[in-house]
Amino acid sequence: MATTTETLAIVSGDDVVRVRQKVRVRATEAGLSLVDQTKLITAASELARNTLDYGKGGHADIMTVNDTARRGVRIVFRDQGPGIPDVALALTDGFTSGNGLGHGLGGARRLVDDFDIQTAVGQGTTVTIARWRK
Amino acid sequence: MAKSAAQGALARLITDGEAEILADWLRTFATGETRISEQEAKAQGKDLLHALGKAVADGNVADIGSPDYDEVRDLLTGFSRSRALQGFSPSETATFVFSLKQPLFERIRSTADVKTAADQLWAMSSLLDQLGMFTVEAFQKTRDELIMRQREEIEELSTPVVKLWEGIVALPLIGTLDSGRTQVVMQNLLETIVQTGAEIAILDITGVPTVDTLVAQHLLKTVSAARLMGADCIISGIRPQIAQTIVQLGVQLNVVSKATLADALALALKRTGRTVEKVNKSGRSDGALAAEMRG
Ligand SMILES: Nc1ncnc2c1ncn2[C@@H]1O[C@H](COP(=O)(O)OP(=O)(O)OP(=O)(O)O)[C@@H](O)[C@H]1O
Ligand SMILES: [Mg+2]
């Protein structure tokens, strides 16, 4: 089977909740363990909120990946906000330009198997994460 | 705007034929409706038709926002409000207004010449379209308010602070801890701590599905605010998968945690100088029995 993608807009706090719920459904369907589900949902929650708070809103593409090699859930968070000037700094625990704990981005990276971030100042940010069934 | 002769004719058409139009109108939608009584529908229809006749006579049919239409708009607002509360759908509610077209159009066709009829039909049709849209918007507004109110009620409901023991309160957290709710939760807890003079507050997160950095931050804020009020916090109900996730987020909660609410209560009792013992068959605690035997 190929992939099925569902796109959700992220423009309000309720949308962050919706992203979590959709990811939970997908992760369960993909057969992720309870621990893996929880980690993926938590990472998605962090990135969805960053999209909302710092990216001025955007979208999440949630897809189930089911090919011969592996099975799991991949999510792409994309916004057209200000971008991140220093990615290494943003990934550092404790760094926040708002008033968060500054653990979201780094924490999300530790919670998933695949993590990729593309960003440029003035051009927005795209973060892709995936968690695979073990 | 200036009252035209055509407008006067249109108004007369409504006013003169009121009883007849009303009867035809009610017939179109009365069949099989159980949520509202015939009398209620009749009363609503009658008031509306009457107000409409006056508004058409005095006001601009192309502008239902004008003061001449105040009464019509008020009636429609009240009407869509009651329909929303009675569980009608927006389209059902708007249909009530749109179904006035049929009887009105029939009157126009049977009383006017072809040229006048065309003008009147056009004027009446666009007027009813405007009124229908207005009804849908009013309906939506009521529903939004209703949802908002229910949401606030749920926020209140789902954050009860319970007094477990003298000096010990517990806050069973359930559902999504977004910022709005957390505010309420924190407020409730702090008030209860002050009122009861509690020394220990147990925050039970068994019912919280996800603990991300925002939730963690809310918890931390609650813990330090409670501390300022003189109460120590214990967090209970951290499930294993949540514990692992918190560790990977790298967030330090820096607060005593227990697996279950029961464990947290036992610890709280101990800290406030009490213990829980098993009672033997004679109804006395083993400790008391041992003391007795020693004595
Ligand atoms: N989509 C984004 N667009 C622009 N800047 C971002 C984006 N995501 C993260 N950042 C920047 O990276 C910083 C670190 O993000 P991170 O999620 O780690 O912390 P935080 O959101 O500030 O706090 P926390 O997530 O712990 O509540 C943010 O403060 C912000 O400056
Ligand atoms: Mg963040």
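This is a predicted model: local features need pLDDT of at least 70, side-chain atom pairs count only at pLDDT 80 or more; totals for chains, interfaces and linings use all residues.
View 1. Residues are numbered from 1 along each chain as its sequence is written, chains are lettered from A and ligands numbered from 1 in the order in which they are written, and side-chain values use heavy atoms, with hydrogens and water left out. Ser80(B) sits in helix α4 (residues 70–86) of chain B; helices (H or I, at least four residues) and strands (E, at least two) are DSSP runs, numbered from the N terminus. Ser80(B) is buried at a relative accessible area of 0%, where buried means under 20%, exposed over 50% and partly exposed in between (1.4 Å probe, protein chains only). Setting aside neighbours within four places in sequence, Ser80(B) is in contact with Thr93(B), Thr135(B), Ala138(B) and Phe139(B), contact being heavy atoms within 4.5 Å.

View 2. Thr192(B) belongs to helix α8 (residues 179–196) of chain B and, with a relative accessible area of 15%, is buried. Apart from neighbours within four places in sequence, Thr192(B) is in contact with Val161(B), Val169(B) and Gly197(B). Over in helix α2 (residues 18–30) of chain B we find Glu18(B), which also counts as buried, at 16% relative accessibility. Beyond four places in sequence, Glu18(B) is in contact with Leu49(B) and His50(B). Glu18(B) and Lys46(B) are 28 residues apart in sequence, with 8.0 Å from C-alpha to C-alpha.

**View 3. Chain B as a whole.** Chain B has 12 helices and 5 strands, and 42% of its 295 residues count as buried. Take the contacts in chain B between residues at least 6 apart in sequence: 69% of them join residues at least 24 apart.

**View 4. Where chain A meets chain B.** Here 22 residues of chain A are in contact with 19 residues of chain B. About 1,700 Å² is buried between chain A and chain B, and carbon and sulfur atoms give 53% of that; this is the accessible area (1.4 Å probe) that the two parts lose on being put together, summed over both. The chains share 2 salt bridges (a side-chain nitrogen of Lys or Arg within 4 Å of a carboxyl oxygen of Asp or Glu). One of them pairs Arg49(A) with Asp212(B), at 3.1 Å from N to O. On the side of chain A that touches chain B, α1 (13–29), α2 (34–53) and α4 (104–111) each supply at least two residues, and α2(A) gives the largest share with 9.

**View 5. Helix α4(A) and its surroundings.** Since 6 of the 8 residues of α4(A) are buried, this helix is largely enclosed by the rest of the structure. The buried ones are Gly104(A), Leu105(A), Gly106(A), Gly107(A), Ala108(A) and Leu111(A). In chain A they pack against α2, α3 (87–91), β4 (114–120) and β5 (124–132), and in chain B against α9 (213–228) and α10 (240–249).
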